[in-house]
Amino acid sequence: MITKALKQGLTLAVVMSFLVGCSNSDTKPVEPTTTGTATTAAPTETAAPLSSVVYFDFDQYSLTAESRAVLLAHADKLKGASVAVRLEGHADERGSREYNLALGEKRANAVRDFLVTQGVNGSSLEVVSFGEEQPAATGSDEASWAQNRRVEVKY
Amino acid sequence: MKRYLLLCLIFVAGVAHAQLNLKVTKGVDNPTKIAVVPFTWAGGRLPEDLGKIVGNDLEFSGQFEAIAADRMLSFPRSETEVHYRDWKALGSEYLLIGSITQQADRYYASYELFDVVQQKRVFAKLTVDGTEAQLRDMAHHISDKVYETITGIRGIFSTKLIYVEAFTRPQKYRLMLSDIDGFRPRMLLETRFPLLSPVWSPNGQRVAYVSFEVDNKPSIYVQDIATGRRQQMTNFRGLNGAPAWSPDGQKLAMALSKDGNPEIYVMNVLTRQLTRITNHFAIDHEPTWSADGASIFFTSDRGGKPQIYEVNVASMQQERVTFDGDYNARPRVSPDGKSLVMLNKRPGTSYHIAAQDIKSGNLRILSETNLDESPTIAPNGAMLMYATRSGGKGVLAAVSLDARVKILQPPKQGDVREPAWSPFFK
């Protein structure tokens with residue numbers, strides 16, 4: 001007796017063994033790309049001169065007084081300027097990975113909304129969230145988590 | 001030439017990877033003792049030891065203890081050679097014997113199960129066959145048969161696992177597929193950008209996931225597991241997250257913030273038509289379908305903290321489901337539709353995996369590890385796997401739904417996370 005899944009596995013195994021010679025020229029695994037969604041270059045990691053990070057309390061997306069002060073300086077710089085800014089929202093590692101993406105987006109949106117109320121053109125502000133995927137500090141402690149609950153203002 | 005290249009990609013995705021090494025850290029108090037006699041084989045060296053795989057599988061369930069071969073007093077090859085007293089002396093309650101033969105390039109494994117306590121054969125000789133590459137599949141098939149015969153519960157040893165491996169310096173994410181015991185890992189995708197939320201289609205042929213590979217922004221993809229062929233399903237502004245297949249496999253529930261705020265949507269996989277399900281200024285996220293497909297459970301912080309809510313897809317009526325704890329998120333429904341498994345935190349505690357009886361609302365904490373996340377339930381409903389941290393690394397862990405069995409993966413290079421337990425394969 002043999003199941004259908006086993007038979008399918010056999011077909012794949014035969015295909016693979018048939019192809020043993022074909023990858024010698026390129027040992028680095030490659031993504032299948034059949035939909036034209038080519039991988040693009042990494043985002044730039046250059047830090048802005050002005051304090052470019054604002055921090056948040058745990059599981060919160062409201063701006064602290066300190067954050068508002070930092071963002072006011074950015075608003076002054078951005079008002080009337082036609083410079084594109086990317087607001088990258090982040091969360092600490094605790095809790096659910098997907099939920100943290102939403103939390104990061106809510107944080108970045110809070111920053112965008114504040115800048116817009118200060119007269120910055122909203123269409124120049126792009127919001128993206130990385131949730132807990134790109135921590136600034138890698139420890140599993142309160143000091144690291146505090147550094148990771150943030151929005152980075154990137155010019 | 002194009003066809004040749006595509007086949008090469010399939011091969012490249014099949015290069016050897018370090019396997020997970022899942023270990024039972026706590027089994028049931030009185031595991032069923034079974035002796036799996038080394039399977040007889042007249043030929044040279046076999047690449048796999050079927051008897052040992054079966055023993056390991058059964059122990060992996062946490063419900064069995066396999067008696068080591070070096071303690072065995074005899075090695076019966078057939079029923080006439082079985083002396084029950086030999087096995088009683090070892091405390092064994094069951095005895096499995098088997099033999100392997102070969103015809104051309106096919107292997108045939110025959111096996112018989114005996115009840116030592118009642119001194120009788122449980123089932124007559126059964127045979128499973130396959131190629132050399134399928135020897136592990138054959139062993140898992142035997143494990144399923146033995147497990148189901150003794151426990152009455154369908155075995156999961158032939159199911160598969162998809163998970164994400166993440167590396168830093170350089171940053172690299174891999175979508176991996178393996179046997180449920182962690183063996184035979186195979187890479188489905190590698191990217192330099194975050195990768196998360198893999199989920200199996202109900203027929204076990206496709207996987208949906210979230211990848212940041214285009215412009216470092218999240219999009220939902222659906223990939224055919226056998227061919228590697230894939231489609232980008234969404235590319236909306238903002239969050240494109242948490243895909244969840246409907247039980248009939250025709251729809252994907254997901255969270256999109258294209259209208260400014262994370263909301264639950266349902267997409268028809270074929271026509272890509274979107275239906276908006278929620279409309280609230282709070283976070284609505286992490287949808288998952290009820291077993292009958294009539295409703296969707298999701299995470300929302302509309303009450304101030306993340307909690308699980310249920311929305312009926314036809315009436316759009318919504319109600320809060322979780323009340324125990326100040327953080328409940330990432331729900332999954334058990335195959336029988338009776339339990340909700342999720343991430344739970346009570347004030348002052350860490351994040352654990354909990355199960356809630358949907359009818360009564362009673363919640364039980366299942367895991368004892370910390371910073372737990374991403375639970376995924378086995379298709380037989382007996383066990384769930386989740387991601388946690390150990391030794392500063394992301395690792396996988398598992399726990400039975402009665403919390404009696406616990407499994408932990410020792411840390412390895414890179415973080416392992418986002419497990420997705422496959423359905424049964426037909």
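Visitor: What should I know before I start?
Guide: The model is predicted, and local features need pLDDT of at least 70, side-chain atom pairs count only at pLDDT 80 or more, while totals for chains, interfaces and linings use all residues. Residues are numbered from 1 along each chain as its sequence is written, with chains lettered from A and ligands numbered from 1 in the order in which they are written.

Visitor: Which residues of helix 2 of chain A are buried?
Guide: They are A:Ser67, A:Leu71, A:His74 and A:Leu78, where buried means that 20 or more other C-beta atoms, placed from the backbone, lie within 10 Å of the residue's own, exposed means 12 or fewer, and partly exposed is in between. Because they cover an arc of only 50° around the axis, they sit on the same side of helix 2 of chain A, the arc being that of the directions from the helix axis to the C-beta atoms.

Visitor: And which residues are exposed on the other side?
Guide: Those are A:Ala65, A:Glu66, A:Ala69 and A:Ala73 of helix 2 of chain A.

Visitor: What comes just after helix 2 of chain A?
Guide: A:Gly80 is found there, with a positive phi of about 75°.

Visitor: What does B:Met138 touch?
Guide: Leaving out residues up to four places away in sequence, B:Met138 touches B:Leu50, B:Tyr107, B:Ala109, B:Val128 and B:Gly130, contact meaning that the C-beta atoms, placed from the backbone, lie within 7 Å.

Technical notes: Helix = DSSP H or I, 4+ residues; strand = E, 2+ residues; numbered from the N terminus. Contact = placed C-beta atoms within 7 Å.
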